[in-house]
Amino acid sequence: MYIPSINRMTNNEEIRSFIERFSFGTIVTTAAEALPIATHLPFLMKQENDSLVLIAHFAKANPQWKQIENNGQVLVIFQEPHAYISPFHYEKELNVPTWNYIAVHVYGQGSLITEQDAVFEILDQTVAQYEQAYKTRYDQLPPDFKLKMSQGIVAFKIRATEIQAKQKLSQNKTTAEQEKIIHTLAQSQDSNERYIAAYMQKNQQPL
């Protein structure tokens, strides 16, 4: 990913926090002499020793799972939120529209998770992370039903070998221009724009 130095994210805690908050990612793999394949999935994240590990599962009918262990590098993209930035916010007329956004690219080695108890644990953790209120009912589902459902998926994990993170938040604009953008986006009905305003406010740098 192209990242000018002013836009590079280097704080590991901020990067992990972003992945946890916007955990619906895109996993990209390639096969020899074939088009890249992408699937959009919710990811769990954990730390194993010094490595960040992403965990998710495919529908078994999705053939992309067969490429997980045969790719030298698997790419997972987390990209949200984003917002259009109008040149009306700038002090000089000779400006053009742009887009503010945050994106994280995680490259890593993939492996399948086939042990049945481990698959059950992934499903338990996924439900707990995304709908804790449903967890009690989920725990009461019949074991044979859970087993049947688990046999329809393929779980996997990606151990990160490189993380590239970018936050394009008008860092190259004056403080007054940044303030105008933050004020406008914070009043928006679009949640993406409000998120960008909050990230801009948190990371604002005087220029």
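S23 is buried, with a relative accessible area of 7%, where buried denotes under 20% relative accessible area, exposed over 50% and partly exposed the range in between (1.4 Å probe, protein chains only). The model is a predicted one, in which local features need pLDDT of at least 70 and side-chain atom pairs count only at pLDDT 80 or more, whereas totals for chains, interfaces and linings use all residues. Residues are numbered from 1 along each chain as its sequence is written, and side-chain values use heavy atoms, with hydrogens and water left out.

S23 is located in the loop between α1 (12-21) and β1 (24-29), helices (H or I, at least four residues) and strands (E, at least two) being DSSP runs numbered from the N terminus. Not counting residues up to four places away in sequence, S23 touches L41, P42, F43, F78, Q129 and Y130, contact meaning heavy atoms within 4.5 Å. The side chains of S23 and Y130 are joined by a polar contact of 2.5 Å; such a contact is a pair of N or O atoms within 3.5 Å, of which, within protein, one must be able to donate a hydrogen and the other to accept it, and residues adjacent in sequence count only if both atoms are side-chain atoms.

Seven strands form an open sheet with antiparallel pairing in the order β2-β1-β5-β6-β7-β4-β3, two strands being paired if DSSP finds at least two bridges between them. The edges are taken by β2 (37-42) and β3 (44-48), each with a single partner strand, so one side of each is left without a neighbour in the sheet. Within the sheet, β5 (residues 74-85) and β6 (residues 98-113) run antiparallel and are joined by 10 bridges, and V74 stands opposite G108 in β6.

The buried residues of α1 are I15, R16, F18 and I19. Seen down the axis of α1, these residues fall within an arc of 160°, so they line one face of the helix, the arc being that of the directions from the helix axis to the C-beta atoms. The face turned away from the buried side of α1 carries the exposed residues E13 and E20.
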